[in-house]
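Here is a short briefing on the structure below.

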Amino acid sequence: MIPELGHFALALALSLALVQSILPIVGAGKNDLRLMQSASATAYGQVVFVGLAFAALMNAFVTSDFTVLNVASNSNSLKPMIYKVAATWGSHEGSLLLWVFILTLFGASVSLFGSNLPATLKARTLSVQAWISVGFLSFMLFTSNPFDRVFPPPLDGSDLNPLLQDIGLAMHPPLLYFGYVGFSIVFSFAAAALIEGRVDAAWARWVRPWTLAAWISLTAGIGLGSWWAYYELGWGGWWFWDPVENVSFMPWLLGTALLHSAIVTEKRDAFKSWTVLLAILTFSLSLLGTFIVRSGLLTSVHAFAVDPERGVYILGLLAVSIGGSLGLYAWRAPTMEGGGLFKPISREAGLLVNNLILGAATGTVLFGTLYPLFLEAVTSDKVSVGPQFFNAAFIPMMLPLVLAMGMGPLLSWKRADLFGVLQRLKFAALLSLIASLIVWYLSERGPVLAYVSLLLAFWLMFATLREWALRIRLFETDMPTAIRRARNLPRSSYGMTIAHLGVAIVMLGMIGSSVWKSEEIAFVEPGTVLSISDFKVTFEGVERTRGPNYFADRGALRVERDGEYVTTLYPERRTYPVAQTTTTESAIRSTPAGDLYASITEPASEIAEDAGAWTLRILYEPLIGFIWLGSIMLCFGGLLSLSDRRLRVGAPKKSESRHAQAQAAE
Amino acid sequence: MKRILAFAPLVIALIFGGFFLWGLNPDRDPNEIPSALISQPAPNFDLPAVEGLESPGFSRSDFDDLDKTVIVNVFASWCVPCRAEHAVLTSFVEQDGARLFGINYKDKPEDAVEWLENLGNPYERIGADFNGRAGIEWGISGVPETFIVGEDGTVIYRFVGPVVGDAQYSKFHTALLAAGAIEGQN
């Protein structure tokens, strides 16, 4: 009964979305306030009904209702409760429901927090948001109903893919979707502004907090996904340039560009049509991700079960939403006049460089991701584009960005004094050179590119700190004044400083773990000793243990350094009998200096198994923890900036006072 | 100029969309691993018989005077999916009248003998590829793998993984029919 109620709630939500996609926008055209305000009721109604449907599905998973097909194929009565809950969004249908639920949540929050928006812009934004809702709700109801029943019901379910039974991955999709779907609001704002034909500084100010919120979630989602890949897949890598990773990375890159270009639109009234285009493209890339993951277009380890019918439906949605918005853009954009002028050396120009590089990088990743498809279509050759391409094309492109990032915040608007900026940064440059030389002296030799990247990471770190010191006049006035100034700096300024430092920290982690990584793979028998970095690792044997829905072969590795006992690592190889899959649970000893990472895989052969011999893989990855520390800093910086008072209350006052001034002038 | 530039994103998006539409063709399988051997003569190899087994050994020259398209299956006793696939291959031989050759990959002879005694031996010839040399020649990515070889000794089709389950069965069965390795039932 409850699943049917859930299904019914979805149908009701669809009809509300249909109403909301027409009435408010018609009202905005006629300037009819009642029609425009109907959007609030329907937006709240949608979130209530989709929320009910989501709760109904979760209920089916929690109570292990195997008469529901989705539960039967993705859950199991033996599974721990937390993964039963998480299995709600583990399948194609369930994750789509979560997607739509978040979409309606964002719609309702625009309605709730958008009381300071002009009525017409708000009505149009909510209508555009409802169009997206209609598209996805109908997609779900017509092709992927999560509440389909199965008869006769199986006695027990066939279990969720055990690789996904992990706390990191249980949280990964919701965060990622908050990011993807958060950009839908920005998209709706952009489409509404194009329909209205007006993009101004106030518009950019409304758009920024939503962009920021989406960007923070996406950053957290990608960081969490990469952490999961690191410790769960047992390869010790954290990024594989897999198509599905790339499709989440592209909206992040472009969203980062949008975050910066919106500043220019807000402060200087420039880059208007570019900001609108970025807003459209960022969400388009999020939609593209949804399409690629669910259509089987490209080969990936992460893709959902493939169904061409679904693929065609999503492609139709993409054609309408992306094609429609870009068509609207082509029609309206030329009429938008550019705002504030600026010199080639100025903060505007710095942010332009940021946007150009991030845009080009996104294009490169997009091209690399889709190249196999293009090539197969044209020549029917099959290739795969691997990390070699992406590393060779992407890294050199990003390094100039890091160089510019150090200087950018010191440039002033309109016209800046490059010589003066460099003058102020000379100590930062000197310090980064010294730090790199120290690393060069201490480390084993790596490639030149590694040292160049390292120099730039240090440069970014010191230049960012220097910028902060300049703001609070740390070395120019007495300490109490500096502290008072530090207290009075706006949160958004700290947000920028921490996020930029986070990028430097992430870079250090990436460089350390990819250049100075050491790896040992060996067939080991109890008593075998391996040495890696300055550790001595003794394999003590394997024992069989049991978990709730799996059994595991658990290896014990005694780790010593300089003859002293450090720790014992217990990597596991888990077998899930119901799902007939095995997973690797690596054992990691984390320190700030680096991770010692161990995983075991099954015996090389049956002969080897009798002898108790296993394939053991040990890695030492210096600084790898910095990647996640830096990701946390990025998110934290974003949150600080989001909590800045200016973003919460600033916008309406400014537009009102302007209005008053305009009237006074008449 | 500005107007033309504003249309550029739309045009690019439409081109992408065209490729996507092509990519959704249901017959297209991006996971399919192409083999350099397809439409090429089968590689050279010469494998002795498995010790303790009556089936003769298997080499390239066995393809020289074929009267019919044949199946070549790479298997091993230590490979669990092979065990599942064995019944399917046997049914092709016994019910559909296919000719089946085997390459016993990196296996201990006594294990292979025991395995075939338990499950039955549908193979006409079995070559013992103890060091995996023939496996390299055939370019296999793992066991099991199954090839269809035409009368003239050219490789027609390659199937990676076990022929188990409805979807895999019908795919391989269709390929067998198309290649003429078996007759269609009525």
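**Helix packing in chain A**

Helix 1 (residues 2–30) of chain A packs against helix 6 (residues 119–143) of chain A at an angle of about 150°, and their axes are 7 Å apart. The model is predicted.

- Angles over 145 degrees count as roughly antiparallel, so helix 1 of chain A and helix 6 of chain A are roughly antiparallel to each other.
- The crossing of helix 1 of chain A past helix 6 of chain A is left-handed.

**Domains of chain A**

- Chain A is divided into domain 1, residues 1–160, and domain 2, residues 518–626.
- The centres of domain 1 of chain A and domain 2 of chain A, taken over C-alpha atoms, are separated by 43 Å.

**Fold of chain B**

- Chain B has five helices and seven strands.
- Read from the N terminus, the elements of chain B follow the order α-β-β-β-α-β-α-β-α-β-β-α.
- In chain B, 74% of the contacts with a separation of 6 or more join residues 24 or more positions apart.

- Along the principal axes, the C-alpha atoms of chain B fill a box of roughly 80 × 40 × 30 Å.
- Buried residues make up 34% of the 186 residues of chain B.

How values were computed. Residues numbered from 1 in each chain as written. Chains lettered and ligands numbered in written order. Predicted model: local features only at pLDDT ≥ 70, side-chain atom pairs only at ≥ 80, totals over all residues. Helix = DSSP H or I, 4+ residues; strand = E, 2+ residues; numbered from the N terminus. Buried ≥ 20, exposed ≤ 12 C-beta atoms within 10 Å, placed from the backbone. Contact = placed C-beta atoms within 7 Å. Domains from an automatic or database assignment. Axes fitted to C-alpha atoms, helices over the stretch in contact; angles between N-to-C directions. Parallel < 35°, antiparallel > 145°, perpendicular 65-115°, else oblique. Left-handed = near helix turned anticlockwise from the far one by under 90°.
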